[in-house]
Amino acid sequence: MSTLSWILLTSLVGGALSVLCAAALSFRTPPNLVSTFVSYAVGALLGAVFLEILPHALERAASVETLTSTLLAGILGFFLLEKLVLWRHCHVEECEAHDPHDPPDNHDHGRSGTMILIGDTIHNFVDGVLIATAFLADIKLGIVTSLAIIAHEIPQEVGDFLILLHSGYSRRKALAYNLISSLATLLGGALAYFALQGLEQFIAPLLAIAAASMLYVAVADLIPGLHKRPELSVTLQQMTLIGFGIASIWLADRLAHGA
């Protein structure tokens, strides 16, 4: 398949798959078990960043210092985005980001379904750009990056589904609107492909930004939620699942390189 075909296929299937998996889990899984999937997502994100994305970015970078500066700027940028309510779904007056594994309480604190869908659409568009950037660097890197994005999207989408249902959406409407929102991944991937064609010098810094986004989500968003359960048995379970997440990325890389 061509690079564009890979981008379109993984953007479309990956976006829809994460929504459908999240819908199945949120409709049937007790909210307190969602943390299990969060732990795995943390491992998948960290594995993708340190085993795949950054090594490829370093290979293509004209300057290591410039690349690491871009990584630092990306992390700070995502911090500001979260503060500006573009990365997580909250209002100015209620600016506590939701934990994907927490059940909704007795009211939605003003977090309307519209705000959640807008936030998801922006997030999905950015995911599409990151997928396209990875595929333009290397097909195998694109596959691994797509798997990591799907892995972290599922627990996040579960949290979004729970809030949408709590805000009054029916299951059918919550699923339909989230599937429509997932099409932004396809749009972001297609636009990034045509925008980056022939602009090789921008791929390394964009990979650094992709690494920054995944690293920020894992460390600043998902991991703090895992600390709410400090029991030794739970911690061992979390570490095991994080290890599985890292191992799955490593295995996907080995299989991709062997293909």
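Since the model is predicted, local features need pLDDT of at least 70 and side-chain atom pairs count only at pLDDT 80 or more, while totals for chains, interfaces and linings use all residues. Residues are numbered from 1 along each chain as its sequence is written, and side-chain values use heavy atoms, with hydrogens and water left out.

On confidence (pLDDT, the predictor's per-residue score from 0 to 100), the protein chain has a mean of 79, and 79% of its residues reach 70 or more. Among the helices (DSSP runs of H or I, at least four residues, numbered from the N terminus), α5 (residues 139-166) has the lowest confidence, with a mean of 77, and α3 the highest, at 89. Over residues 103-112, pLDDT stays under 50, and the model has 21 contacts there beyond four places in sequence (contact being heavy atoms within 4.5 Å). Where pLDDT is low, the predicted coordinates should not be read in detail.

As for packing, a nonpolar core is a set of buried Ala, Val, Leu, Ile, Met, Phe, Trp, Tyr and Cys residues joined through side-chain atoms within 4.5 Å, buried meaning under 20% relative accessible area with a 1.4 Å probe, protein chains only. The largest such core has 47 residues, and L207, M214 and L222 have the most contacts inside it. Helix α7 gives the most to this core, 14 residues. Beyond its neighbours within four places in sequence, L207 touches I53, H56, A57, T133, A134, A137 and L141. Another core, of twelve residues, lies apart from this one and includes V19, A22, A23 and F161.

Then there are the holes. On a 1 Å grid over the protein atoms alone, a cavity is a set of points where a 1.4 Å probe fits but cannot get out, and a pocket is an open set with protein on both sides within 12 Å along at least five of seven lines; lining residues have an atom within 4 Å of a point. Two cavities of 30 Å³ or more turn up. The largest, at about 100 Å³, is lined by 14 residues, with G14, G15, I149, E153 and T185 nearest its centre. Helix α1 supplies the largest share of that lining, five residues. The second largest cavity has a volume of about 60 Å³, and D127, H152, S213, M214 and V217 are the closest to its centre. Here the largest share, four residues, comes from α4.

The second largest pocket has a volume of about 150 Å³, and α3 gives the most to its lining, three residues.

Conventions:
Grid points are joined across faces, edges and corners, and a volume is the space filled by probe spheres set on the points. Helices (H or I, at least four residues) and strands (E, at least two) are DSSP runs, numbered from the N terminus. Buried means under 20% relative accessible area, exposed over 50%, partly exposed in between (1.4 Å probe, protein chains only).
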